[in-house]
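Look at the sequence and the model below. The paragraphs that follow go through ring pairs, a pair of helices and some loop residues.

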Amino acid sequence: PLVVFAHPGPNMAHAETYLGWGGVGARYPVATLAQMGYAVLMPNIRGSAGYGGKFRTDIYQDWGGIDLEDLFTGVRTVAARYDYDLNNVHMIGWSYGGYLSAMALTQASDRFNVTPASFCIGGGLVDLISHTGTADIAKILRNTFGGYYWEHSNTTASKTLFEKYENSSAMFSINGAKAPTLFHHGAHDPRMPILQAFQLHYALRAKDIETRMLVYPNSGHIPGDAEQLLSVWDSTIEWIVAHTRH
């Protein structure tokens with residue numbers, strides 16, 4: 001089985017470094033999963049830091065587009081090279097990685113003909129429209145998409161900004177969701193307010209898709225103490241193991 005870990009950001013990157021407390025890898029127990037026999041793919045897709053300005057800005061007005069294509073190109077490449085089962089892929093991600101995981105949950109089957117076996121979404125973003133004005137970084141969407149969703153596009157593209165926000169939001173492709181999904185979210189997350197997770201969790205329940213949501217009291221965007229982090233790690237391992245196809 002293959003676990004795909006989408007990094008936060010979007011302008012961050014995976015690196016060869018200690019995967020314990022404090023780094024990008026601290027959100028999930030990727031080293032433990034590897035020790036358990038899971039292959040772990042940690043791709044630096046377009047939008048990641050460290051590969052030049054153009055690489056980092058290629059996702060301008062295209063969140064969940066070219067970056068998600070890069071991610072599934074990596075999945076297919078690894079699966080083909082090492083003979084991994086594309087029906088036994090698990091995806092995990094926190095913050096922007098959680099955003100990409102939500103996009104993959106609702107679009108991977110139709111866009112890439114891959115239906116991962118399970119998802120773990122931490123501190124994620126699922127609806128760019130409701131995120132606007134409710135978070136401490138709401139202006140990042142205006143800067144990324146060239147305006148707020150109610151404004152007219154100032155580009156030559158035919159799509160309006162409202163359509164771009166919709167197309168880059170997992171909630172607007174919810175009917176493509178199929179896989180069991182575990183949510184982790186801080187109760188007081190200012191970056192990705194918890195209503196983001198509530199929306200997708202509610203929709204999955206309404207569609208009778210297996211889902212579970214763990215809310216961490218007094219926690220912001222990242223688990224606030226060691227016990228919370230351990231809860232994230234343990235529940236992630238349990239979820240992936242329970243949904244690994246044998």
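The structure holds 13 aromatic pairs. Rings of Phe, Tyr and Trp (its six-membered ring) form a pair if their centres lie within 6.5 Å; planes under 30 degrees apart count as stacked, over 60 as edge-to-face and the rest as tilted. The model is a predicted one, in which local features need pLDDT of at least 70 and side-chain atom pairs count only at pLDDT 80 or more, while totals for chains, interfaces and linings use all residues. Residues are numbered from 1 along each chain as its sequence is written, and side-chain values use heavy atoms, with hydrogens and water left out.

One of the pairs is formed by Phe 72 and Phe 112, which are stacked, with 4.7 Å from centre to centre and 10° between the planes. Phe 72 belongs to helix α3 and Phe 112 to helix α4, so this pair ties together parts that are 40 residues apart in sequence. Helices (H or I, at least four residues) and strands (E, at least two) are DSSP runs, numbered from the N terminus. Phe 72 and Phe 112 are both buried; buried means under 20% relative accessible area, exposed over 50%, and partly exposed in between (1.4 Å probe, protein chains only).

The ring centres of Tyr 96 and Tyr 99 are 5.0 Å apart and the planes are at 40°, so this pair is tilted. Tyr 96 and Tyr 99 are 3 residues apart in helix α4, so about one helical turn separates them. Both of these residues, Tyr 96 and Tyr 99, are buried. Ring pairs also join them into a cluster with Trp 63, Phe 145, Tyr 148, Tyr 149, Trp 150, Phe 162 and Tyr 165.

Now to the two helices themselves. Two packed helices are described by the angle between their axes and the distance between the axes. The axes of α3 (residues 66–82) and α4 (residues 96–112) come within 10 Å and cross at roughly 70°. Axes here are lines fitted to C-alpha atoms, for helices over the stretch in contact, and angles run from 0 to 180 degrees between N-to-C directions. The helices α3 and α4 are therefore roughly perpendicular to each other, a term for angles of 65 to 115 degrees; under 35 counts as roughly parallel, over 145 as roughly antiparallel and the rest as oblique.

Which residues in α3 and α4 meet? From α3 come Asp 67, Leu 68, Glu 69, Phe 72 and Arg 76, and from α4 come Tyr 96, Leu 100, Met 103, Ala 104, Ala 108, Arg 111 and Phe 112. Contact means heavy atoms within 4.5 Å. The residues of this contact divide into 8 nonpolar, no polar and 4 charged. Ala, Val, Leu, Ile, Met, Phe, Trp, Tyr, Cys and Pro count as nonpolar, Asp, Glu, Lys and Arg as charged, and the others, Gly among them, as polar.

The loop between α8 (195–206) and β6 (211–216) contains Glu 210, and Ile 209 is found in the loop between α8 and β6 as well. Is each of them buried or partly exposed? Glu 210 has 44% relative accessibility and so counts as partly exposed, whereas Ile 209 is buried, with a relative accessible area of 10%. Leaving aside neighbours within four places in sequence, Glu 210 is in contact with Ala 179, Pro 180, Thr 181, Trp 239 and His 243. Ile 209, not counting residues up to four places away in sequence, touches Ala 177, Lys 178, Ala 179, Pro 180 and Leu 204.
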